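Reader: I have just opened this one and have never looked at it before. Could you walk me through a few places in it, one at a time?

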Amino acid sequence: MNYKYSHCVYIGRFQPFHLGHLYTVEKALQLSEVVIIFLGSHQVAPNIKNPWNSEHRQSMITGCFDAATRDRIIFAYVRDRLYSDNLWVSDIQKQVEMITDASDSIAIIGHQKDNSSYYLDLFPQWDYLPIDNYQDLNATAIRDLYFSGSDDWQRSSQLPPSIIADLKTFQSDPEYQRLSEEWRFIQQYKKSWSVAPYPPIHVTVDAVVVQSGHVLMVRRKASPGKGQVALPGGFINPSETLEQAMLRELKEETGIKVPTPVLKGSIVGRQVFDNPDRSQRGRTITHAFFIQLKSGPLPRVKGSDDADKAWWMSLSSLEKNEPRFYEDHFHIIQHFISQI
Ligand code: NAD
C-alpha cells in the first residue's frame, strides 16, 4: 500500500486514551506507514490531570490495536519543559530524527482543542493534518466522572473496551483511592473560591536550600500531592514579604538548625515560576529563593507542619526521583542547580 507519508507524529497525554484519540490514530494510519505516538508529560508525578505513567499509557493504547497495526506504531516519551518550549520541541525533533531518515516524509496530526493546542504550530517543517473534534469527547470530563466515584464514566461509550477494562482494574489500586481523595480536595478547594468575583491567583513561596551537593526536600503530609516530594514552601500570609514567608515556611516545615540571619545572608538567587498549569488548585504563581549554604556537615532537619518528613536529597539522585516530585518542583531545582 502506498502512503502519503512515511511517518506521522501524534502528541498527547491520553489521560485516558478515548475514542477521539483512537479515531485520530486510525486516520494517521490511513495516511502514513508509521505513526509515532509521543506520550507527553513523561515522568510527571501522578495527579488528577496525569494519573497514569507513560508505561501504563503505552500498554493501554497498545491494547486497542491488533498485532499488525501495533507493528506500525512507535511510542516515544517526552518530558514537559514547562519553562522552555524550545527545549521541549528540540526533545521531540531529536527523537524523530533518530527514528526517521532525511528522505522520509513526515506529518504531524492533531486537533486544535483550545489554547493549549498551540504546540501543534511549533513544527512547521512537517505537514499539519488537522482533525475535527470527535463527538466532543473530553478526557478531563471522563477523569472527573472516574475519580468522582460515579459509574457513568464507563456507560458513556467514550472509551475503547480495553481501556474500560484497564480503568476498572485500576480502581482497586491504592493509587486510585489517593487520586480520588485528591480529586475531592481540588473540587472542594475550587468551590470555596467560586464565590470570589474573579478567579483567584494564588501566590506562594518555595525554598531551594542547597549544601554540599544536597538539596533540602520535604514529603507532603496531605492532598494535593500527599506523599510526594516537594520543596519547603507554601502560601504567603497577608502581612509578610515574600522573603519572610519563605523563611517562615522553611523553618516550619523542616526545623532547619541554621540561624535565620545566616539563611537570609545565603540567598543567592530568586525566580518567579508562573506556568499557568503548574498547579491543580488553580492559578498559582510561586517565588522560589535559592539559598546556598557553606559546605560542611548537613544541618539537622525534621519534617513538621505540612511535611511529614524533611531530608537532604543528593543532587545525583534528583533525576531518579523525578516521577515523585510535586508540581514543577523538579524543574525549579533544575533551574537553580544549573547555575551552581
Ligand atoms: P491530550 O491527550 O489532551 O490531546 C491529545 C490530542 O488529542 C490533541 O491533539 C487534542 O487536541 C486531541 N483531542 C482531544 N480531544 C479530542 C476530540 N474529542 N476529538 C479529536 N481530537 C481530540 O494531550 P495534550 O494535553 O494536548 O498533550 C500535549 C502534551 O504536550 C502535554 O504533555 C503537554 O504538557 C506537552 N507540552 C509541553 C510543552 C513544554 O513542556 N514546553 C509545551 C506544549 C505542550
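Reader: Let me start with Arg-178: does it count as buried or exposed?
Author: Keeping in mind that this is a predicted model, Arg-178 has a relative accessibility of 14%, and because the cut-off for buried is under 20%, Arg-178 counts as buried.

Reader: Where is Arg-178 placed, and which side chain does its own side chain make a polar contact with?
Author: Arg-178 belongs to helix H8, which covers residues 174-193, and its side chain makes a polar contact of 3.0 Å with the side chain of Glu-175. If one sets aside the neighbours within four places in sequence, Arg-178 is also in contact with Pro-46, Gly-225, Lys-226 and Gln-228.

Reader: Okay, now the ligand. Which residues come nearest to it?
Author: There are 25 residues around the ligand, and those that come nearest are Asp-80, Arg-81, Asp-85, His-111 and Tyr-119.

Reader: How much of the ligand does the protein bury?
Author: Taken alone, the ligand exposes 850 Å², and the protein buries 92% of that area.

Reader: Which elements give two or more residues to the shell around the ligand?
Author: Those elements are strand S1 (5-12), strand S2 (32-42) and helix H4 (85-99), and the largest share, three residues, comes from S1. Sorted by class, the shell holds ten nonpolar, nine polar and six charged residues.

Reader: Changing topic, how many disulfides are there?
Author: The count comes to zero disulfides. Cys-8, for example, is in no disulfide, and the nearest cysteine sulfur, that of Cys-64, is 17 Å away.

Reader: What about Met-246, where is it found, and is it buried or exposed?
Author: Met-246 is found in helix H9, residues 242-254, and at 1% relative accessibility Met-246 counts as buried. Apart from neighbours within four places in sequence, Met-246 is in contact with Val-205, Asp-206, Ala-207, Ile-267, Phe-289 and Ile-291.

Reader: And Ile-256, where is its place?
Author: Ile-256 has its place in the loop between H9 and helix H10 (260-265), and with a relative accessibility of 3% Ile-256 counts as buried. Leaving out neighbours within four places in sequence, its contacts include Val-209, Leu-216, Leu-293 and Trp-312.

Reader: How far apart in space are Ile-256 and Leu-298?
Author: From C-alpha to C-alpha they are 9.8 Å apart, while along the sequence Ile-256 and Leu-298 are 42 residues apart. For another pair, Met-246 and Leu-137, which are 109 residues apart along the chain, the C-alpha atoms are separated by 42 Å.

Reader: Last topic, the backbone. Which residues does a cis peptide bond join?
Author: Most peptide bonds are trans. Here, however, a cis peptide bond joins Gln-15 and Pro-16, with omega about 0°, and another cis bond joins Ser-223 and Pro-224, with omega about -5°. Pro-16 is in the loop between S1 and helix H1 (19-31), whereas Pro-224 is in the loop between strand S7 (214-220) and strand S8 (229-230).

Reader: What is phi near in Gln-135?
Author: Phi of Gln-135 is near 50°, a positive value in a residue other than glycine. Most residues other than glycine have a negative phi. Gln-135 lies in the loop between strand S5 (127-130) and helix H5 (139-148), and at 56% relative accessibility Gln-135 counts as exposed.

Reader: And Ser-212, what is its phi near?
Author: Phi of Ser-212 is near 45°, again a positive value in a residue other than glycine. Ser-212 is in the loop between strand S6 (202-211) and S7, and at 32% relative accessibility Ser-212 counts as partly exposed.

Terms used. Residues are numbered from 1 along each chain as its sequence is written. This is a predicted model: local features need pLDDT of at least 70, side-chain atom pairs count only at pLDDT 80 or more; totals for chains, interfaces and linings use all residues. Side-chain values use heavy atoms; hydrogens and water are left out. A residue is near a molecule or strand if one of its heavy atoms lies within 4 Å of it. Accessible areas come from the Shrake-Rupley method with a 1.4 Å probe; for residues, only the protein chains shown count as cover. Helices (H or I, at least four residues) and strands (E, at least two) are DSSP runs, numbered from the N terminus. Ala, Val, Leu, Ile, Met, Phe, Trp, Tyr, Cys and Pro count as nonpolar, Asp, Glu, Lys and Arg as charged, and the others, Gly among them, as polar. Buried means under 20% relative accessible area, exposed over 50%, partly exposed in between (1.4 Å probe, protein chains only). A polar contact is a pair of N or O atoms within 3.5 Å; within protein, one must be able to donate a hydrogen and the other to accept it, and residues adjacent in sequence count only if both atoms are side-chain atoms. Contact means heavy atoms within 4.5 Å. A disulfide is a pair of cysteine sulfur atoms within 2.5 Å.
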